[in-house]
Every structure is written in C-alpha cells, then in structure tokens.
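Open the model in your viewer and keep the sequence panel beside it. Each stop below says what to select and what is there.

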Amino acid sequence: MQLPQQVKIVEVGPRDGLQNEPTPVPLEVKLELIRKLEQAGLSVIEAGSFVSPKWVPQMASSAEVYQSIQPKPGVSYPMLVPNLKGLEAALAVGVQEIAIFAAASESFTQKNINCSIEESIARYSEVMSQAQQHHLKVRGYVSCVLGCPYEGEIAPARVAEVAQRLHDMGCYEISLGDTIGVGTPLKAQRMIDAVTKVVPVEQLAAHFHDTYGQALANLFAVLQQGVAVIDSSISGLGGCPYAKGASGNVATEDVVYMLNGLGIETGIDLPKLLQAGHYISDHLQREPASKVARALAAKE
Ligand code: HMG
Ligand code: MG
C-alpha cells in the first residue's frame, strides 16, 4: 500500500471551528488558541474570515485577530474571503494568503454566499486577479463534495468541474470539503479519482467533517490515493452555519494520532496539541471532543 511519507495539516479551528459558536469568543482567547497551535508545530492556521458580520457574527473580529497575531516564521495564516469587499478588508490589514470558497452544490452556494455557482466563479475570478496583483497566495475550497444538505448526492464530475475552475483560476491548492460529513471511504475515493483527472493530487487537500464518524476512514482512503494535505480542527470544533446538523471537522488530535501510527510525518507535537484542545474546550465549557483527549482522560 502506498502512503505519503509526510502530510501537511491545515488547522482550521480558529475559523471553521469557531465560526458556528453562538457566543462571541474574546479576541484574547482566539489569539491564545492560535499561539498554542503554533507551539504545537502547525504550519498553516486558518485564522478568520472577512465575510459579512450579519451572516457570521463570530468572525466579526477577524481583522483585529489578524492584526494582533505575532507571525511565527514558517507559519501562514490564511483568511477566508467571499468577494472584493472581503479582499479589501484583508489587504487593509496586510493578509498574505486568502482562501476563496465555492461549492459543488447550487443550493448550498445560494445559502452560503447568496449567489449561483457561475456567479461565484465570476466573483472569485475578480478576487483572484486583484489578489495576484498584490502577490497573495490563494487557496480554493469546494464544499459539499460528498453530499449536500439541500440536494443530497453530488456527482463526482460536478466536484471535478468546480475544482478545475478554481485550479485554472490560479488557486495553488484545492481543499475538498465533505461539509456535512456524509461521505464513506469508497465514495471519497471515487470523488478523488474524478478530481485528479483535472487537478494534480499534490494540489489537493481533504477537508472532512465527522458528522457520521467516517472522517478518519475517509482520510485513510484518500491518503492511499496520494492526498497529502489534510484540513482539521482542534478538538473537532465546528460546523457550518449554512449546513444544519453538520458536526465539526475531524479533530486534529485524532488525525495526528492516526498519522503517527501510520509512520507519516507531520511535525506536530501531540501533547502540545492536546493542550491547545483543552484550552479552547475549557473556554467553551465543554469536554474536549477528540477521541484521543477522551481516551487519555479515561486513563487518568
Ligand atoms: P450579500 O447579502 O449578498 O452581500 O451577502 P451584498 O454584497 O448584497 O452586501 C450586503 C451587505 O453585506 C452590505 O452591507 C455589504 O457592505 C456587506 P449593508 O450595506 O447592508 O450594511 N458585505 C460585507 N461585509 C463584510 N465583509 C464582506 C462583505 N460583503 C458584503 N466581505 C456575502 C454575500 C458573501 C457577503 C455573504 O453571503 C457572506 O458573508 N457569506 C459568508 C458565509 C460564510 O462565511 N460561511 C461559512 C464559510 S464556508 C464553510 O464553512 C465551508 C468550508 O469550511 C468548507 C467545508 O467545510 O466544506 C469553507
Ligand atoms: Mg469545514
């Protein structure tokens, strides 16, 4: 069996993880979480989004968050941007990497960013050309790659089409989101098979949610196809405000535990990562949700 020797983990907790929290998380807590994630060795930490605060109130402090980060050498802090207004806000605080977010489902695109897929691609083309003029790195997301909360099944060809458009536009990496966590391993592999016909596997990331407990199995399936970038969220935080019932992303702690067991390098210190998970869970007044944290707590 072929597995990558190294995997890059993209930590999405401070953005995807927190965006759905109903109570505002104070700036200091977001910053301390980001510091703890840096200390654990994460090299990519998605730190916030420049979206409408009416749509996602929790992300309203993203400019302050970004401005207050003391960037650690070798770490990047991408920020989500839905349109030119978001890009302007990102540029105003000196952001160096952004992520644009499309979807393979027409209805989800409408609910999430209030336009059609076609309109979103046109919008993102403008964002991309301005971003390139400012020498920003641009990552692209495709949501609903294994199912949509409004449309159900999504054909792998549809995912490939949107991924290709983001890739052709200039995104250096395409993150494939099982936004509602409905996928299973063979479905995930069929989706990757379709996408790798149009985007090289080296430029793909798996962004799987764990709603039905399938995320690690799905990740193991796509690792065997050569996917070597994994998005995950500390303590399995998250959910999408426009995908009712979707639980969090796969927990970073559980991904690192699995990759350690497979002998795949990540550069991440699991005990320090667990501390980051405890820190944010304590703040949110809930038990850490990763399986690793729970297993270790049960042994104490
Ligand atoms: P709209 O209402 O169509 O926007 O929303 P509009 O252009 O008509 O403007 C309406 C108002 O919003 C105006 O203000 C604009 O200035 C303001 P008003 O005049 O009413 O006071 N506005 C903005 N404010 C701040 N930042 C901006 C911005 N743009 C307009 N960038 C819009 C369209 C895209 C803005 C909205 O739908 C939106 O913000 N959506 C974001 C939704 C979101 O963040 N979803 C979660 C992220 S996606 C996700 O989680 C999935 C992912 O993790 C992958 C996966 O899990 O699979 C990526
Ligand atoms: Mg997500």
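This is a predicted model: local features need pLDDT of at least 70, side-chain atom pairs count only at pLDDT 80 or more; totals for chains, interfaces and linings use all residues.

Residues are numbered from 1 along each chain as its sequence is written, chains are lettered from A and ligands numbered from 1 in the order in which they are written, and side-chain values use heavy atoms, with hydrogens and water left out.

**Stop 1: the sheet**

Show the strands as a cartoon. Helices (H or I, at least four residues) and strands (E, at least two) are DSSP runs, numbered from the N terminus. Two strands pair if DSSP finds at least two bridges between them. Nine strands form an open sheet with parallel pairing, in the order β2-β1-β9-β8-β7-β6-β5-β4-β3. Which strands stand at the edges? They are β2 (44–45) and β3 (48–49); each has a single partner strand, so one side of each is left without a neighbour in the sheet. As background, strands of a sheet pair through backbone hydrogen bonds, either parallel or antiparallel.

Now select β6 (residues 137–143) and β7 (residues 173–178), a parallel pair with four bridges. Val142 has Leu176 in β7 as its bridge partner.

Colour β8 (residues 204–208) by burial, where buried means under 20% relative accessible area, exposed over 50% and partly exposed in between (1.4 Å probe, protein chains only). Five of the five residues of β8 are buried. Leu204, Ala206 and Phe208 lie on one side, and Ala205 and His207 on the other; both faces are covered.

**Stop 2**

**Stop 3: the core**

Return to Val142 and Leu176. Together with Ile98, they have the most contacts inside the largest nonpolar core, which has 105 residues. A nonpolar core is a set of buried Ala, Val, Leu, Ile, Met, Phe, Trp, Tyr and Cys residues joined through side-chain atoms within 4.5 Å. Contact means heavy atoms within 4.5 Å. Not counting residues up to four places away in sequence, Leu176 touches a list of residues that includes Val142, Val159, Met191, Leu204 and His207.

**Stop 4: helix α2**

Select residues 27–39, which are helix α2. At 1.5 Å times one less than its number of residues, this helix of 13 residues should span 18 Å, and its end C-alpha atoms are 18 Å apart, which agrees. Its buried residues include Val29, Leu33, Leu37 and Glu38. Among the elements that cover the buried residues of α2 are β1 (8–11), α3 (62–68) and α11 (270–283). Gly41 follows α2 and has a positive phi, near 105°.

**Stop 5: single residues**

Select Ser120 in helix α6 (residues 117–133). Ser120 is buried, with a relative accessible area of 1%. A polar atom of its side chain lies 2.7 Å from the backbone oxygen of Ile117.

Next, go to Ser232 in strand β9 (residues 229–232). Ser232 is buried at 0% relative accessibility. Ala251 is 19 residues away from Ser232 in sequence, yet the two are 5.7 Å apart in space, C-alpha to C-alpha.

Finish with two residues that are not glycine but have a positive phi of about 60°: Cys144 and Ser235. Cys144 is in the loop between β6 and α7 (156–169), and its relative accessible area is 0%. Ser235 is in the loop between β9 and α10 (252–261), and is buried with a relative accessible area of 3%.

Key: A polar contact is a pair of N or O atoms within 3.5 Å; within protein, one must be able to donate a hydrogen and the other to accept it, and residues adjacent in sequence count only if both atoms are side-chain atoms.
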